[in-house]
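The exercises below concern contacts between side chains and where the contacting residues lie.

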Amino acid sequence: MHLSTHNWMRAEPLEVTLKRIKKLGYESIEISGEPEQYKTKETRALLKEHGIRCWGSVTLMLGERNLAARDQGQRERSVKYVKDVLTMVSELDGEIITLVPATVGKVVPDGTEAEEWGWVVDATRECFTHAKKVGVRIAVEPLNRFETYLFNRGAQALALADAVSPECGVCLDAYHIHMEEFNVYDAIRQVGKRLYDFHVADNNRFAAGLGQIDWPKIVRTLKEVGYDGALTNEFVAPVDRTPAAPYPEMVERNPVDISPEQLKFIQDHGSSLLTEKFYTDQMRITAETLLPLIK
């Protein structure tokens, strides 16, 4: 296992992110799933310069991106988006993409259970065919019920993976599974060898170590099932807008270099643009919590 991180949680030049995480002991990055933001030749050079490899990417299912949409044109555009993310990761020598099948924040279905299952299986199979072509693995990620109605538990993600291919896998997220699973350790065991990625944030979605999750037991269980991939940092610190705020200087008041859609995505997660100091502290705390457990 090794320590990785997402970078979608704060708008900043990639070079700034890479410098920070290299100092803190991170080995790789799951780059934001926005292929139009990255020129892969330049990004490869930056990664090499800072000694950080691309582990993969996560699909940012914003706006109309939805593999389970009733509208066929919407599904086709969503498939194209996922294929573009897969191609980007391949060109960056990455290994995986974490696939969130439905729009984040959408909690009302478009059709019956049978209809939506057919739509999402067909769309994911098309994405998987492209993934095989470009040499990148797909890991289906369930989210909590307040972010999606479609896939909330590891067993559900595994059912989609099984319907697609024995080579399609699952990504679990410590934050989500501590909300949705009957037993988080059994959920990890059930996915077993099909676990391709693991995201980390504490139960309050702050950095690992700032909540109630038993990280030593989580890491022991991951080792038990033979998981040898990344622990990918994905804290989304909730903004406290009251006088009780423990971190009054956490919000960046003058954000730059971020699209309105991406800002909305972060705000829809209950957060906002974080200041560099607060963001760096969260990165550091995660590293200090997890590195001793995985080395």
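**Exercise 1.** Find how the side chains of Lys-277 and Asp-281 meet.

Step 1. Lys-277 and Asp-281 form a salt bridge, with 3.1 Å from N to O; the term requires a side-chain nitrogen of Lys or Arg within 4 Å of a carboxyl oxygen of Asp or Glu.

Step 2. Because they are four residues apart in helix α10, about one helical turn separates Lys-277 from Asp-281. Helices (H or I, at least four residues) and strands (E, at least two) are DSSP runs, numbered from the N terminus.

Step 3. Lys-277 counts as exposed, at 62% relative accessibility, whereas Asp-281 counts as partly exposed, at 23%. Buried means under 20% relative accessible area, exposed over 50%, and partly exposed in between (1.4 Å probe, protein chains only).

Step 4. A network also exists: Arg-10, Glu-12, Arg-20 and Glu-276 are joined by salt bridges that share partners.

A note on the basis of these values: the model is predicted, so local features need pLDDT of at least 70 and side-chain atom pairs count only at pLDDT 80 or more, while totals for chains, interfaces and linings use all residues. Residues are numbered from 1 along each chain as its sequence is written, and side-chain values use heavy atoms, leaving out hydrogens and water.

**Exercise 2.** Which residue forms a salt bridge with Arg-189, and where do the partners lie?

Step 1. The partner is Glu-224, and the closest N and O atoms are 2.8 Å apart.

Step 2. Arg-189 is in helix α7 (residues 184-191) and Glu-224 in helix α8, 35 residues apart, so the pair links distant parts of the chain.

Step 3. Arg-189 counts as partly exposed, at 35% relative accessibility.

**Exercise 3.** Count the aromatic pairs in the whole structure and describe the one formed by Trp-117 and Phe-151.

Step 1. The search finds three aromatic pairs. Rings of Phe, Tyr and Trp (its six-membered ring) pair if their centres lie within 6.5 Å; planes under 30 degrees apart count as stacked, over 60 as edge-to-face and the rest as tilted.

Step 2. Trp-117 and Phe-151 make a tilted pair, 6.3 Å centre to centre with 45° between the planes.

Step 3. Trp-117 lies in helix α4 (residues 113-134) and Phe-151 in the loop between β5 (137-140) and α5 (154-164), 34 residues apart.

Step 4. Trp-117 is partly exposed at 36% relative accessibility; Phe-151 is buried at 3%.

**Exercise 4.** Classify the aromatic pair of Phe-206 and Phe-278.

Step 1. The pair is edge-to-face, 6.5 Å centre to centre, with 75° between the planes.

Step 2. Phe-206 sits in the loop between β7 (195-200) and α8 (215-224), while Phe-278 is in helix α10 (residues 276-294), 72 residues apart.

Step 3. Phe-206 is buried, with a relative accessible area of 11%, and Phe-278 is buried, with 6%.
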